[in-house]
There are 2 protein chains.
Amino acid sequence: MINIAVLGYGTIGSGVIEVLKTNGDSIAKKAGKQINVKYILDRKEFPGDPIMEKLVKDFEIILNDPEVKIVVEVMGGVEPAYSYVKAALLNGKSVVTSNKELVAKHGAELLDIAKEKELNFLFEASVGGGIPIIRPLNQSLTADEIVEITGILNGTTNFILSKMSEEESDFDTVLKNAQDMGYAERNPAADIEGHDACRKIAILSSLAYGMQVDYEDIYTEGITHITDTDIKYARAMGARIKLFATSVRDNDEQVYAMVAPMMIKADHPLYIVNDVFNGIFVRGNVIGDVMFYGSGAGKLPTASAVVADVVDVAKHLSKNIWTIWSSKKLELKDISQVKHRFFIRVEGTADTSLKNKIKDLFGEVEEVTADGVDGEYAFLTSLIKEQDITKIRENLPGILNVIRVRF
Amino acid sequence: MINIAVLGYGTIGSGVIEVLKTNGDSIAKKAGKQINVKYILDRKEFPGDPIMEKLVKDFEIILNDPEVKIVVEVMGGVEPAYSYVKAALLNGKSVVTSNKELVAKHGAELLDIAKEKELNFLFEASVGGGIPIIRPLNQSLTADEIVEITGILNGTTNFILSKMSEEESDFDTVLKNAQDMGYAERNPAADIEGHDACRKIAILSSLAYGMQVDYEDIYTEGITHITDTDIKYARAMGARIKLFATSVRDNDEQVYAMVAPMMIKADHPLYIVNDVFNGIFVRGNVIGDVMFYGSGAGKLPTASAVVADVVDVAKHLSKNIWTIWSSKKLELKDISQVKHRFFIRVEGTADTSLKNKIKDLFGEVEEVTADGVDGEYAFLTSLIKEQDITKIRENLPGILNVIRVRF
């Protein structure tokens, strides 16, 4: 038997308890021992819930109990999670977490402590919910140099974009529905502004390239500027708009990273990732393209990933599972130097004067039309540097929207 | 530094050498040591190839060299691979293999020997080429009870079915083209009759349920009976035909397994797996649905998976990576008791007499028509037991084809 403590009895914490109860026997078989939840830390009370007898309010009780071998941190947020996790590791306890803020900010340091102490710090659930992606990156794609990792990593924004496309509704209406259905928070900024996806791609990029990618360095654009008109054009082109979180080792061997809406067509493996699902596309220099798909959030899928990490720790109690994530900072390529194709809409009628102006600014473009849209002119550019688009935006009045294109 | 020996210098063997050369530095970093190929075993000569100095023709040299810690078996076929691998394990060497026949037949025994000797026997490349699926099943989905695992596991048949659909060509024409392009063997039986996919789903099922699933027990149907007319109907329904290799824990808790063409629609995650790509869909009782996608064959993707296993062994030299695959046989549910929907085509015109006969046999059916097809009547049944279809086939003359349906 091995004793664990769960920090936080919210959605994921209660999911962990439920998964351990539902599949206890098979989990014990795979871990080689019974997993026993000795403590649950939460400030709140849960009258009538059988976990009450395990509930503690003081982390010191857990920290100082030598019987606790694994601490499961599912509280979220950087503090006090960071202090608790660090103290646990320094006190000889392995840690499993689902906390993307914690991992993005302090992953390298916590992995170092775990390695030094011959313990483990695992965080499969911090990205992609239930989808196995951290372990495959660390242990399955080790023969490859990763040249691209691109994910649809935020279920809320993917749900909103999917519904805007299916129902031809505008952003605000769909967001409100998503909030009513519990798929979006009352304060949705972290999702719709791309911050959540940004932390997740920072974690994946740090693992893929083995060095610290600071999330503050990642160019991040949310989906709030995507309108139903953009969706109409996308449909007319057989394309979909997805919030991509991506990092790419460019031709010059430099890595750039960004979070931004992207138009893709059916030939892209992430095209089928709809609704609240997540998908992660990885390109290696020998394996080629692989893609991982599944529930990127939700109580039980996320808890499944947390418990799988607990099983892995139980099997590696005195052996560190080596993860290469140096605290040395990876200097990202200046995003202004990265090239993309762009979909651009400008006000006005498609007369010779406007077309000539566009041609002067962008060279040859590909015109795009959509049923029921008029009073504007839309087109696809060739590959253009981000800095050129920035410059043009400043000089061309009447730009309605600019969306990057991957086809 | 760690010394390895590669058995077989064919497509995958030479891919392994190439991957180790291309990514040697990053692989050494991830393995914690340099990987050195000390021997390559092959009967043939390779004049002018720098590997000649490592070439040996006698396995005993490898077996008796205590410096060789890992044997990489990429010869294929059960013998002599089985004798070599067993001898290597018994002699204290870990083994990595890409050999699906060997793993399907002797996986449980070889894993037992590895465990007993504190060694490792890894076989990620035996299913799905470069796609990480064995390690995710063993180490990432451990919190779940697997209720379904369904793969498009054979690139050749998927290529043929994709091309038949895209080009509206018949089976023989596409097969011939696939052979000319090197995507199908001159003797294509193992692929098109489903035997290759059968061995692979036997391996995945054994791991998913932790008990021996004998491939001889799996109902296996190939794609040779799929015609361009079937494809026309599929397109008319917005469906595609895929060769599914599947095992399902049915409502009665019994597991059934089968390899057979299946009609699926766009709502199935495997719908987008086209051409030579493979995809594996897994449903767990807590994680929900996950899907893994990538190159299911090919020199470098397969070699990538082999080398990743070598890295894992190098990191676990004196520690067995525990895999639950008991040699105890899993008794599969009798396939005749399994229920499916069926797409059925019969000769004749859709007059009242034929329709009444169909209704007598199948109850209410859903008629299907396709442009340019006449002289026959096609329909979808409700859920029907396999044994009922078998009986009806015997009594209804003029059946042109029967294909299972997953929608």
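Ile27(B), Lys30(B) and Ala31(B) in helix α2(B) meet Val307(B), Val311(B), Ala314(B) and Lys315(B) in helix α12(B), where two residues are in contact if their C-beta atoms, placed from the backbone, lie within 7 Å. By class this contact of α2(B) with α12(B) holds 5 nonpolar, no polar and 2 charged residues; Ala, Val, Leu, Ile, Met, Phe, Trp, Tyr, Cys and Pro count as nonpolar, Asp, Glu, Lys and Arg as charged, and the others, Gly among them, as polar. Two packed helices are described by the angle between their axes and the distance between the axes. Here the axes of α2 (residues 24-31) and α12 (residues 299-315) of chain B come within 9 Å and cross at roughly 35°, the axes being lines fitted to C-alpha atoms, for helices over the stretch in contact, with angles that run from 0 to 180 degrees between N-to-C directions. Helices (H or I, at least four residues) and strands (E, at least two) are DSSP runs, numbered from the N terminus.

The model is a predicted one, in which local features need pLDDT of at least 70 and side-chain atom pairs count only at pLDDT 80 or more, while totals for chains, interfaces and linings use all residues. Residues are numbered from 1 along each chain as its sequence is written, and chains are lettered from A and ligands numbered from 1 in the order in which they are written.

The helix α12(B) also lies across β1, β2, β4, β5 (94-97) and β6 of chain B, running at about 165° to β5(B). Helix α1 (residues 11-22) of chain B, for its part, lies across β1 (2-7), β2 and β4 (68-73) of chain B, at about 160° to β2(B). The sheet in chain B is open and has 6 strands in the order β3-β2-β1-β4-β5-β6, with parallel pairing; two strands pair if DSSP finds at least two bridges between them. At its edges stand β3 (55-56) and β6 (121-122) of chain B, each with a single partner strand, so one side of each is left without a neighbour in the sheet. Strand β2 (residues 35-41) of chain B pairs with β3(B) in the parallel sense over 2 bridges, and Ile40(B) stands opposite Leu55(B) in β3(B).

In chain A, strand β4 (residues 68-73) runs parallel to β5(A) and is joined to β5(A) by 4 bridges, with Val72(A) opposite Val96(A). A residue is buried if 20 or more other C-beta atoms lie within 10 Å of its own, exposed if 12 or fewer, and partly exposed in between, with C-beta atoms placed from the backbone.

Where do the two chains meet? The contact takes 47 residues from chain A and 47 residues from chain B. On the side of chain A that touches chain B, α1 (11-22), α2 (24-31), α6 (134-140), β13 (288-295) and α12 (299-315) of chain A each supply at least two residues, and α12(A) gives the most, with 9 residues. By class, that side of chain A has 23 nonpolar, 14 polar and 10 charged residues. Strand β13(A) pairs with β13 (residues 288-295) of chain B in the antiparallel sense over 5 bridges, and the bridge partner of Val290(A) is Gly294(B).

Back in chain B, Asp230(B), Ile231(B), Tyr233(B) and Ala234(B) are buried in helix α11 (residues 228-236). Seen down the axis of α11(B), its buried residues fall within an arc of 160°, so they line one face of the helix; the arc is that of the directions from the helix axis to the C-beta atoms. Glu253(B) has a positive phi of about 70° although it is not a glycine, and its place is in the loop between β10 (239-249) and β11 (255-265) of chain B. Glu253(B) is exposed, with 8 other C-beta atoms within 10 Å. A cis peptide bond joins Glu79(A) and Pro80(A), with omega of about 5°, and Pro80(A) is found in the loop between β4 and α4 (81-90) of chain A. In chain B, the peptide bond from Glu79(B) to Pro80(B) is cis, with omega near 5°.
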